[in-house]
Amino acid sequence: MTRPTDVDDLDYRRMFEQAPSPYLIMTADFTIVTVNTAYAEATMIDRDAVAGRYMFDIFPDNPDDPNADGVRNLRRSLQAVVETRRPDAMPAQRYDVRTEDGGFVLRYWSPVNTPVLRDDGSVAFIIHRVQDVTDLVEARRHDHDHDRDERTEVLRTRVEQMEADLFTRAGDLQRANRELREVNDELAAATAELRAQQEAKDRFIAVLSHELRNPLAAARAALDVLALDVAGHPASAVLDRQLTALTRLTDDLLDAARLVSGRQRVVRRPLDLADLVEAGVQDVAAAHPDRAAPAVTVPATPTIVTGDQVRLVQMIANLVDNTYKHTPPGTTVTVDLDVVGAQARLCVRDAGPGFPATAGPRLFEMFTRAVVGDQAPAGLGLGLAVVRGIVELHDGTVTAHSDGPGHGAAFTVHVPLADAPHRDSAPPPTGPGRSPLRILLIDDNADLADMYRRLLERHGDTVTVATTAVDALRVAGRGTFDLILCDLVLGDDLNGYDVVARLRSSDLHRHTRIVAVSGHSQDADRRASRAAGFDAHLAKPLQLEQLDRLLEAWTAAGDRLS
């Protein structure tokens, strides 16, 4: 008895060439690789002559048939196979075959196109299998003829075989369509879930922003009042540093969330990056008086980039602050800016503990901190994530490098230089101190409101405090104010948007300057406050220097505040 042939001994080429069904193999760009004998005979082509030729050069539409659409339909099916990497069964197609004398003969085909995938999932080849159903179509056309001759019976037998084959293909197509619908339903559900999660995260960030900023603002205002009464007390310096750190952590968390979600807005204009480097370094050095300031090297000529001044200074400050967090006092830190080709290069180096050489890329992920030895790293692991987000917003790159623990670290930023030269503009002149104002302060946090009142009164302002929307509207209805500072969340039936809407509808305050002061300070909050009728939007903790700059800008523009 003959034993079955081992599968490794099968001659797949011979099986392909002698298969009774017509087969053609093409590449993913529709170049013919080979055809089997059945395909060559059915389509009247020379199999050796078509190898390496473009599919639709060998099988064009019949130019004498203005309604021919075989090429278009087949191309659409093949493109679907390449894009979806799934088989595609086509309905019966009219596709006339070119004869040796250049003419065309009528043919109807039922094609199935099947992908052959590489290991990486991409399409390497397409198996194009066809069945000539011309007899089926012709038989259907002449079915009204009741001639029972031998040819008709033969045709009917072939029709039944073809119908069975088409029924099988139809079932396969239905199953494929059903699977596709299920996949689409799953994709839609996953998309909806992701959208819901994103919205929940946005709501969480908004609430977190408000809940964190309110107590921070009250503590900061209290510290400012204390500094006026007890100047130089050692505890004040400690409180100032810790409040600054808490505020920075809060800002990093909110900024990281906005950057990751693509919702961080930048205002671009030509800037000298050297000036920003010095400003960012000075900001961090001022917050760390116990540390030696980094050695800064910048070019003698302006290094002009197009970017957002606030975000670029934040990026620089985060890099320098990161070195302070991860190095002991006395560690050498250098900040170098130079120009390489069409890019500005900023490098922040330290001689601290460094990190494993392979850990560099991971340091820019959210909540990632380098751990070297037994020392617990400081912070939430957000500062470098914010750096990367800001750099990418400016079409740049950032990398981290260390030769290993004990060998220090270097963080290098590349951002493109501005295309056009930039002329330095003189800073706006600083005018005299502003005049005292009559201010209505609206905030439901009584401690915070009281601290703001004390600070503003020290500046000579007359301040009236309202801790509810109802009280605010009652007070505002009794007289005019030069300025109204209003929180957005007031803890009762009315919020800050309602308050400003009612104030704008009154003759007393239709033109009064009204500023939103809130922990809700994302871009969407700022747009909403502007649309509601606020003239400006300041984030908590409110810094009086920031308020003074805003008032000075209005005064410089010709507005009369008092």
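Predicted model: local features only at pLDDT ≥ 70, side-chain atom pairs only at ≥ 80, totals over all residues.

Reader: Fine. What makes E11 and E15 the edges of their sheet?

Author: The five strands run in the order E11-E13-E14-E16-E15, and the sheet is open with mixed pairing. Strand E11 (295–297) and strand E15 (397–401) each have a single partner strand, so one side of each is left without a neighbour in the sheet. On average, neighbouring strands here are turned by 15° against each other, ignoring direction.

Reader: How do you know that E13 and E14 pair?

Author: Pairing takes at least two bridges, and eight join E13 (residues 333–340) to E14 (residues 343–350), therefore they count as paired. The two run antiparallel, and Val 340 stands opposite Gln 343 in E14.

Reader: Which helices pack on the sheet, and what do they touch?

Author: Helix H9 (residues 273–287) touches E11, E13, E14 and strand E16 (409–416). The direction of H9 makes about 170° with that of E13. Helix H11 (residues 383–393) packs there too, touching E15 and E16, and its direction makes about 145° with that of E15.

Reader: Over to Leu 10: why is it called partly exposed?

Author: The label covers values between 20% and 50%. Leu 10 has 35% relative accessibility, so it counts as partly exposed. Leu 10 sits in the segment before helix H1 (12–18).

Terms used: Residues numbered from 1 in each chain as written. Heavy atoms only, no water. Helix = DSSP H or I, 4+ residues; strand = E, 2+ residues; numbered from the N terminus. Axes fitted to C-alpha atoms, helices over the stretch in contact; angles between N-to-C directions. Contact = heavy atoms within 4.5 Å. Buried < 20%, exposed > 50% of the residue type's maximum accessible area, 1.4 Å probe, protein only.
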